[in-house]
Amino acid sequence: MTAATTEPAKEGRFAWLRPPKGGPGGTMSIWDHLRELRYRVTISAFAVILGALGSIFIYRNLVDIVMAPWNRARAVLEATRDSNLMVVNNGVTSSFTFAVVLCVVAGILMATPVWVYQLWAFIAPGLLAKEKKYALAFMGAATPLFLIGCALGYYVWPKGIEVLLSFTPSEMGITNMQDMAEFLKMEIQIILVFGLSFLLPVVVVALNQFGLVRGYQLKRWRKGVIFGSVVLAAVATPTTDPFSMLALAVPVSGMFMIAEFICRVADKRRGISEETVAEFAVDLEDGK
C-alpha cells in the first residue's frame, strides 16, 4: 500500500508532461490515451509559442512578405492607371491585431516539424504496418502538393488585387484604402484555399486504395467534378475576380484527371473493372 501511494510522488511534479508508457505490448487505457493527447498538444502548443516569439525578431521581414503582393499590384496599377492606393490601420488595436495574427501564423509554420511529428507519434502506434505505409505515402504526397498550392495562391494573389481594384474609376480623385489586418486575413484565406484544393488528387487516390472509389466511377464523375471545381473556386476564394477563380479551377480539374488516371491504372493492375467489381465487393453480412 505504501509503495502504491508513494509512486506518483517519485514521478515528479511535471510527470503529467510526459506521455504514459503503456502496459504490456503497448496497450493503454482511455485515460492513458487522454494523457498522451494532452502531452502531444502541450508540446505542439509550446513549439508554436516559441516560434511566434521568435518571429518577433524578423517581424519587419514578415510584413514585407505579406505586403509584397499588394506592392506588386500597386506598382502595376499606378503605372497603367491613375490610381490612388493607401494601406491603413483602422482603429487603435488594428496594428496590434495584425502583429499578433502574423506572429502566430509564422509560429505555426516554424513549428510544423514539431506538431506534425507529435500528430504522427500519437496515431502511429494504433496503425498496422500496411496502414503506416499508406499513411506515410499520403503525407509524403500531400505535403509538397499543399506547399505548391500555397505558393500558387501567393503568386496569383497580386493579379487578383489588380483585377478588383481596376474597377475604381481613374482620374476622379478616388483613393482605395486597404486595412492591413483585413488584407492579411484575405491573403491567408486565399493561400489556404489553394493549398487545400491541391490535396484533392491525394484524397481521391487514398479513397481508391481503400476500395471506396473506383476508376470507372471517376470517369463518370469527371464533368461534374470539373463543374464543381469552378463552383468551388467561385465560392471558396475570398476574391471574386475571374483570374483567381480560373487559377484555382484549372489546376484542380487537371489534378483530378491525373488522379483518375492513377486510379484506373491501379484498378487495372488489380483486375478491377466495372464488370468484375462485384468480385471485390465486401459482404457486410458475413464479412467476406
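**View 1. Helix H6 gives the largest pocket the largest share of its lining, 10 residues.** Welcome to the first close-up of this predicted model. The space in this largest pocket comes to about 1,100 Å³. Its lining counts 30 residues, and those nearest the centre are Leu-109, Thr-112, Phe-146, Leu-147 and Cys-150. Besides H6 (129–165), at least two lining residues come from each of H3, H4, H5 (112–123) and H7.

**View 2. Helix H4 runs from residue 94 to residue 110.** H4 has 17 residues, and from first C-alpha to last it reaches 24 Å, close to the 24 Å expected at 1.5 Å a residue. Which residues of H4 are buried? They are Ser-94, Phe-98, Leu-102, Cys-103, Ala-106 and Gly-107. A handy rule for reading such a list is that an α-helix has 3.6 residues a turn, so residues three or four places apart point the same way. The cover over the buried residues of H4 includes helices H2 (30–55), H3 (59–80) and H7 (180–197), together with strand S2 (175–179).

**View 3. The second largest pocket also draws the largest share of its lining from H6, here 8 residues.** About 340 Å³ of space lies in this pocket. You will find 17 residues around it, with Tyr-134, Phe-138, Val-202, Val-205 and Ala-206 nearest the centre. Helices H8 (200–209) and H10 (242–269) join H6 in supplying at least two lining residues each. Sorted by class, the lining of this second largest pocket holds 14 nonpolar, 1 polar and 2 charged residues.

**View 4. One cavity of 30 Å³ or more is present in the structure.** The largest cavity has a volume of about 40 Å³.

Note on methods:
Residues are numbered from 1 along each chain as its sequence is written. This is a predicted model: local features need pLDDT of at least 70, side-chain atom pairs count only at pLDDT 80 or more; totals for chains, interfaces and linings use all residues. Side-chain values use heavy atoms; hydrogens and water are left out. Helices (H or I, at least four residues) and strands (E, at least two) are DSSP runs, numbered from the N terminus. The expected span of a helix is 1.5 Å times one less than its number of residues. Buried means under 20% relative accessible area, exposed over 50%, partly exposed in between (1.4 Å probe, protein chains only). Contact means heavy atoms within 4.5 Å. On a 1 Å grid over the protein atoms alone, a cavity is a set of points where a 1.4 Å probe fits but cannot get out, and a pocket is an open set with protein on both sides within 12 Å along at least five of seven lines; lining residues have an atom within 4 Å of a point. Grid points are joined across faces, edges and corners, and a volume is the space filled by probe spheres set on the points. Ala, Val, Leu, Ile, Met, Phe, Trp, Tyr, Cys and Pro count as nonpolar, Asp, Glu, Lys and Arg as charged, and the others, Gly among them, as polar.
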